[in-house]
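Student: Please take one part of this model and go through it closely, beginning with the ligand. Then place it against the rest of the chain.

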Amino acid sequence: MTTESTLQPLTIALTKGRILDETLPLLAQCGLEPLDDPRSSRRLIFEANRPDVRFVVLRGSDVVTYVRQGAADAGIVGKDMLLEHGAQGLYEPLDLGIARCSLQTAGFSASQNLGSRLRVATKFVNIARAHYAAKGIQADVIPLYGAMELAPLMNLADEIVDIVDTGNTLRANGLVPLEHIADVSTRFVVNKAAMRTRHALLTDIISALKDAID
Ligand code: AMP
């Protein structure tokens, strides 16, 4: 019979970038550390300082996909990614409270849109569609993959939907936040099937993370 200790290591998918910078100290507080530094290594899979855990380091949207499909057992990812890509197939047992920011609409302070349909540039196309639809505003959503702030300046869009932390990026480009859509922080997520098959180890990790954030 297969016991939890004879399974392959529990795989935790980490989000690269700002979230990773704030995640690593939290994991270290739980006694969990990758053997190589994922901020400088080109590896994609990282062994941990204990044999029953390993990490993969991905973009946030891919963390959601890996955990949903069960290719990773658990993940650390921004709430923005869960809102945009859906949290079906996942449990979200813990708000880690790190990389806090918000999802906002932004644009010029005085509307430049003279009565036509609103053009909204964003990488959060599902969130944007739902937001404007709920307000009864007809919006054409233009998918972009980076530098959303550029779109109103180049008259590609009237507004953007983006992550705002300090607001400095908006201000530096002559834009202002218009509407708050959601508060965002980083969540620990678990594949629903893995929560059953790897229950003991996952509950240990969740309670260690809870202690670390408290
Ligand atoms: P800020 O100028 O501080 O408002 O930061 C805004 C820019 O930083 C945005 O374009 C975001 O892409 C990025 N950013 C800020 N906070 C986060 C976060 N918690 N997670 C991901 N990206 C972020």
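Tutor: A backbone N or O atom of Asn-168 lies 3.5 Å from an oxygen atom of the ligand; a polar contact here is a pair of N or O atoms within 3.5 Å, and within protein one must be able to donate a hydrogen and the other to accept it, with residues adjacent in sequence counted only if both atoms are side-chain atoms. The model is predicted, so local features need pLDDT of at least 70 and side-chain atom pairs pLDDT 80 or more, whereas totals for chains, interfaces and linings use all residues. Residues are numbered from 1 along each chain as its sequence is written, and side-chain values use heavy atoms, without hydrogens or water.

For Asp-165, a backbone N or O atom is 2.8 Å from a ligand oxygen. Thr-169 uses its side chain: one of its N or O atoms is 2.5 Å from an oxygen of the ligand. The protein covers 77% of the 490 Å² of accessible area that the ligand has on its own (Shrake-Rupley method, 1.4 Å probe). Residues around the ligand, with a heavy atom within 4 Å of it, include Arg-18, Cys-101, Glu-149 and Asp-162.

The largest nonpolar core has 31 residues, and Ile-12, Leu-14, Phe-55, Phe-188, Ile-205 and Leu-209 have the most contacts inside it. Such a core is a set of buried Ala, Val, Leu, Ile, Met, Phe, Trp, Tyr and Cys residues joined through side-chain atoms within 4.5 Å; buried means under 20% relative accessible area, exposed over 50%, and partly exposed in between (1.4 Å probe, protein chains only). Among the elements that each supply at least two of its residues are β1 (10–15), β3 (53–58), β11 (186–191) and α8 (199–213); helices (H or I, at least four residues) and strands (E, at least two) are DSSP runs numbered from the N terminus. α8 gives the most, six residues. A second, separate core of 25 residues includes Ala-72, Val-77, Leu-82 and Phe-124.

In helix α2 (residues 60–69), Gly-60, Val-63, Val-64 and Val-67 are buried. Seen down the axis of α2, these fall within an arc of 100°, so they line one face of the helix; the arc is that of the directions from the helix axis to the C-beta atoms. Their cover includes β1, β3 and β11, by contact, meaning heavy atoms within 4.5 Å. Gly-70, which follows α2, has a positive phi, near 85°.
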